[in-house]
Amino acid sequence: MHESDAAHDAVRRDPIEILPYDTAWPESFEQQRLRVEPALRPWLIGSVEHVGSTAVPGLPAKPIIDMMAMVASYEEAQGTVAAMQEIGWTHVWETGDEELRRWSFCYPDPAWRTHHLHVVEYVSQLGRDCLAFRDHLRHHPEDARKYADIKQSLAAVHHDDRPAYRAGKAPFIEDVMRRASVQH
C-alpha cells in the first residue's frame with residue numbers, strides 16, 4: 001500500500017512559496033542532470049528534461065527543479081529505483097504512480113527537496129503533457145503570466161496544503177492543454 005497524497009505531503013517541511021524566477025535554476029537542473037542521466041542510462045530514452053515552472057524563463061515558481069526522464073517500459077526499468085538511490089536520490093510514492101506507470105524521486109530528501117524527478121514510460125501521455133505544457137508557457141508569455149498569478153494566489157492561501165494548491169492550478173492547466181491540442 002502506498003501513501004495517500006495527504007500522507008505523502010505530511011512529510012514535507014517546505015512551505016509552498018512562489019519565488020521570482022531565478023537564473024540559477026537552469027544550472028541547478030544541469031548539475032543534477034549530469035548525475036541522473038548516467039545512473040539511468042541502461043533504461044533512458046533521450047535526455048533527462050527540465051520541466052515544470054522552473055523550466056520556463058521568467059516564470060515565478062516554487063524553488064524545486066522538476067525533472068522528467070523517459071524509459072521504454074515500466075516493467076523493464078525496475079532498476080531505476082536502486083540506481084537513483086545509489087546517487088543519493090530518494091524514491092517517494094505519489095498518488096497515482098503505479099496507475100501512471102511512473103516512479104517519483106526527490107533530492108536531497110523528501111522533507112526539503114530541491115529537485116523532483118518523474119521517470120515515465122516513453123509512450124506516456126503524462127510525459128507528452130509535461131513537455132507540451134512547458135513548451136506552451138515558453139512560447140506564450142501571456143499564459144505564463146496568468147499561471148504565475150494563479151500560483152501566487154493559491155500559495156498565499158494554501159501555503160501548507162499541496163492537494164488544494166494542485167487542485168487550484170488544475171483548471172488552468174487543463175485549459176492550456178486543451179488549447180494546445182487544438183493548435184496541433
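Helices (H or I, at least four residues) and strands (E, at least two) are DSSP runs, numbered from the N terminus.

The model is predicted: local features need pLDDT of at least 70, side-chain atom pairs count only at pLDDT 80 or more, and totals for chains, interfaces and linings use all residues. Residues are numbered from 1 along each chain as its sequence is written, and side-chain values use heavy atoms, with hydrogens and water left out.

**View 1. The protein chain holds seven helices and five strands.** Along the sequence these elements follow the order α-α-β-β-α-β-α-β-β-α-α-α. The C-alpha trace spans about 40 × 40 × 35 Å along its principal axes. For 184 residues, a compact globule would have a radius of gyration near 16 Å, and the protein chain agrees with 16 Å. This radius is taken over C-alpha atoms, and the globule rule is 2.2 Å times the number of residues to the power 0.38.

**View 2. Of the 184 residues of the protein chain, 45% are buried.** Buried means under 20% relative accessible area, exposed over 50%, and partly exposed in between (1.4 Å probe, protein chains only). Among contacts (heavy atoms within 4.5 Å) with a separation of 6 or more, 66% come from residues 24 or more positions apart.

**View 3. Glutamate 121 and arginine 101 form a salt bridge through their side chains (2.7 Å, N to O).** Glutamate 121 lies in strand β5 (residues 115-121) and arginine 101 in the loop between α4 (97-100) and β4 (102-107), so the pair ties together parts 20 residues apart in sequence. A salt bridge is a side-chain nitrogen of Lys or Arg within 4 Å of a carboxyl oxygen of Asp or Glu. Glutamate 121 is buried at 9% relative accessible area, while arginine 101 is partly exposed at 28%.

**View 4. Aspartate 135 and arginine 134 also meet in a salt bridge (2.9 Å, N to O).** Here the arginine is buried, with 8% relative accessibility, and aspartate 135 is partly exposed, with a relative accessible area of 29%.

**View 5. A salt bridge joins the side chains of aspartate 143 and arginine 179 (3.1 Å, N to O).** Aspartate 143 belongs to helix α6 (residues 141-157) and arginine 179 to helix α7 (residues 162-183), so the pair ties together parts that are 36 residues apart in sequence. Aspartate 143 is buried, at 2% relative accessibility; arginine 179 is partly exposed, at 29% relative accessible area.

View 6. The whole structure has 12 salt bridges.
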